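Here are some exercises to work through with the model open beside you. Try each task on your own, then follow the solution step by step.

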Protein chains: 2
Amino acid sequence: MIRLAVPARRAVRRAGFTVDLPLTRLSEAARLRVEQQLQRYAFRAGAPVVHRGQTVNGAYLVLKGRLRVYTVKPSGAEATLYHLTAGETCILAINALFNDLLYPAWVEAEADTVVGIIPGGLYRNLFQAEEAIQDLTVKSLSTLVFRLMDELEQVHSLRLDQRLSAHLLERANGQGVVTETQARIAGQLGSSREVVARILADMASRGWIETGRGRIRLVDTTRLAQMTRPGG
Amino acid sequence: MIRLAVPARRAVRRAGFTVDLPLTRLSEAARLRVEQQLQRYAFRAGAPVVHRGQTVNGAYLVLKGRLRVYTVKPSGAEATLYHLTAGETCILAINALFNDLLYPAWVEAEADTVVGIIPGGLYRNLFQAEEAIQDLTVKSLSTLVFRLMDELEQVHSLRLDQRLSAHLLERANGQGVVTETQARIAGQLGSSREVVARILADMASRGWIETGRGRIRLVDTTRLAQMTRPGG
DNA sequence: AGCGCAGTGTAGCGCAGGTTACAGACGGTT
DNA sequence: AACCGTCTGTAACCTGCGCTACACTGCGCT
């Protein structure tokens, strides 16, 4: 990682701090061009970043925060496809960049998030010349492929309570507390609020968790982890 | 596309014909090295190609036929993740090549299939030097990402009868006939034979299809296509 | 011809989970 | 304190579909 202090150009919200970019081994010339042309945008938690069908003309680097990529079912319910956390690159953007396709999903900021965009033309140039960019691209795409395959497998082979357990463990903070509304969780899992409430109530009755308004405290993480395994 | 006549090295079944490789714009030197080092394997329809957890050390080019990549649920039922048809590259192989990961799924030949394997070391070299290989890699990975996202969205938002309709339309030959057993179709959709039979019976009773032993004739493709749209 | 396997047809049961419909409960605002 | 929007708790109902169980029917093989 190299440190880049990049000025925000047309940021939704000002974000004037220094971040790590995954651009190690980049030539000096290339780094300068990135510094000059990188566009930085900040989004508040919950803000939409990209909507479906939007043309995307660059590589998206998540500099801070967390993005959620999701689809919307005909019923209106959402379903999360995958997440991107700080230091990762938004692959679909690169994707669309090369294939000239429209963005096939929605993206929103899950926390306060800063995104750096490398314009399409520059990225294409860098990709040809810079090994670091080639590696970044392949690695990002590969990672995404694995994530999607994993998600697909889980959707096929796990029940909702198992996926919910996994979600809680994944999103708990250091104190074992998840601060999300049940409606939000339901959206992430592609289910409905009532079903999530039903499962949470069951878990609470077994003493595995404690529920509160906008928060869930994990009590028996061992059992929860057990749940996530097929047949648990 | 350039024409390459590559000798089979340790082919499961001899396959002595010429195929198209997606290696246009490859330098002469590189093409020679590929010709020398490309390993060719032939698989009969239904034969296993890669099993889960296997280490894969090269790029897989599908020269002829069709591969199916799938997972196996704890119940034993399969679920297709995606397909690779002739001219496409097995991305996960490249994936594992770069990330040094184990193959996360099973692969089988769906028809009689010939696969060309470019050894890992050679591929890595080519990737650095040859723009054609870079493009192939990114394009293959991108395509896979889109396929997986699409599959994930469909699993979330379509009922089984809708996905079955889509499957039939996709797998029908020129005469509108699908030659697959119901059990096989069920496996592809991650469902069970009985459920597929139930839905097919319903479709047949409406006059949309005609069923037979190992074959399904599509009668009303318009209605079937209508089905595949959410809310159809 | 007759056997047997592989494939299809059908019916019934049960469960996960989506839907509908309310009834609180918490917390911020005035 | 009163109010109201947001969130949770719960119960009843219904559908999709997986599972069990068994009868039937092409089709190849001896």
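**Exercise 1. How many salt bridges are there between chain A and chain B?**

Before starting, note that this is a predicted model, in which local features need pLDDT of at least 70, side-chain atom pairs count only at pLDDT 80 or more, and totals for chains, interfaces and linings use all residues. Residues are numbered from 1 along each chain as its sequence is written, chains are lettered from A and ligands numbered from 1 in the order in which they are written, and side-chain values use heavy atoms, with hydrogens and water left out.

Step 1. Take the rule: a salt bridge is a side-chain nitrogen of Lys or Arg within 4 Å of a carboxyl oxygen of Asp or Glu.

Step 2. Apply it across the two chains; the count between chain A and chain B is 2 salt bridges.

Step 3. Look at B:Arg52 and A:Glu153, whose side chains form a salt bridge at 3.0 Å, N to O.

Step 4. Within chain A, the side chains of A:Arg68 and A:Glu110 meet in a salt bridge at 4.0 Å, N to O. A:Arg68 lies in strand 6 (residues 66-72) and A:Glu110 in the loop between strand 9 (106-109) and strand 10 (113-119) of chain A, so this pair ties together parts that are 42 residues apart in sequence. Helices (H or I, at least four residues) and strands (E, at least two) are DSSP runs, numbered from the N terminus.

**Exercise 2. Describe how chain A and chain B are related, and what the contact between them consists of.**

Step 1. Superpose the copies by least squares on the C-alpha atoms of residues with pLDDT of at least 70 in both. A rotation of 180° with 0.1 Å of shift along its axis places chain A on chain B, with an RMSD of 0.2 Å. This is the relation of a two-fold axis.

Step 2. Compare the contact residues, where contact means heavy atoms within 4.5 Å. The same surface serves both copies, as 97% of the contact residues of chain A recur in chain B. Chain A brings 39 residues to the contact and chain B brings 38 residues.

Step 3. Work out the buried area, which is the accessible area (1.4 Å probe) that two parts lose on being put together, summed over both. For chain A and chain B this area is about 3600 Å², and carbon and sulfur atoms give 74% of it.

Step 4. Count the residue pairs in polar contact (N or O atoms within 3.5 Å; within protein, one must be able to donate a hydrogen and the other to accept it, and residues adjacent in sequence count only if both atoms are side-chain atoms).

Step 5. Assign the side of chain A that touches chain B to its elements: strand 7 (78-85), helix 2 (91-99), helix 3 (120-129) and helix 4 (131-157) each supply at least two residues. Helix 4 of chain A gives the largest share, 19 residues.

**Exercise 3. Which residues come nearest to DNA strand C, and which are closest to DNA strand D?**

Step 1. Use the cut-off: a residue is near a strand if one of its heavy atoms lies within 4 Å of it.

Step 2. For DNA strand C, 19 residues are around it, and A:Leu160, A:Ser191, A:Arg198, B:Gln182 and B:Thr211 come nearest. A side-chain N or O atom of A:Ser191 is 2.3 Å from a phosphate oxygen of DNA strand C, and one of B:Thr211 is 2.8 Å from a phosphate oxygen. Helix 7 of chain B gives the largest share of this surface, 4 residues.

Step 3. For DNA strand D, 19 residues surround it, with A:Gln182, A:Arg193, A:Thr211, A:Arg213 and B:Ser191 the closest. The side chain of A:Arg193 has an N or O atom 2.8 Å from a base oxygen of DNA strand D, whereas B:Leu160 places a backbone N or O atom 3.0 Å from a phosphate oxygen. Helix 7 of chain A gives the most to this surface, with 4 residues.
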